[in-house]
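Visitor: I am new to this structure. Please take one part and walk me through it closely.

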Amino acid sequence: MTWHIYIIECIDGSLYTGITNDLGKRITAHNEGRGAKYTKTRRPVRLRYNEQVTNRKSASQREYAIKTLSRAAKIELIKNI
């Protein structure tokens, strides 16, 4: 199964990082207020980055690594796709 590590940009300009095995459904959920608590009040969101891996463990590890990056580093990651 393919897992996605994604970064979305919220309406206030903040960035949110998450993982899912159904990216389209997850972005829709975020935009309908059914995603993460953080994004519920920061809609609409826009997908800015997507990376695919083959298993949940790898996705979780990569998500953690991205979440520890500074905002500037995340923006660089987004620019380099």
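Predicted model: local features only at pLDDT ≥ 70, side-chain atom pairs only at ≥ 80, totals over all residues.

Guide: E63 has 14% relative accessibility, so it counts as buried, the cut-off being under 20%. E63 belongs to helix α3, which covers residues 56-67. What does E63 touch, leaving aside its neighbours within four places in sequence? Its contacts are I5, T17, G18 and I19.

Now look at its side chains. In a regular strand, side chains alternate between the two faces of the sheet. In β1, W3, I5, I7 and E9 point one way. H4, Y6 and I8 point the other way. Both sets are buried.

Next, the partners of β1. Strand β3, residues 46-53, runs antiparallel to β1, and seven bridges join them. Take I7 as an example: its bridge partner in β3 is Y49.

Strand β2, residues 15-20, also pairs with β1. The sense is antiparallel here too, over six bridges. H4 has T20 as its bridge partner in β2.

Finally, follow the chain from β1 to β2. The two strands form a hairpin, with five residues between them. G13 sits in the turn, and its phi is positive, about 90 degrees.

Terms used: Residues numbered from 1 in each chain as written. Heavy atoms only, no water. Buried < 20%, exposed > 50% of the residue type's maximum accessible area, 1.4 Å probe, protein only. Helix = DSSP H or I, 4+ residues; strand = E, 2+ residues; numbered from the N terminus. Pairing = 2+ DSSP bridges. Contact = heavy atoms within 4.5 Å.
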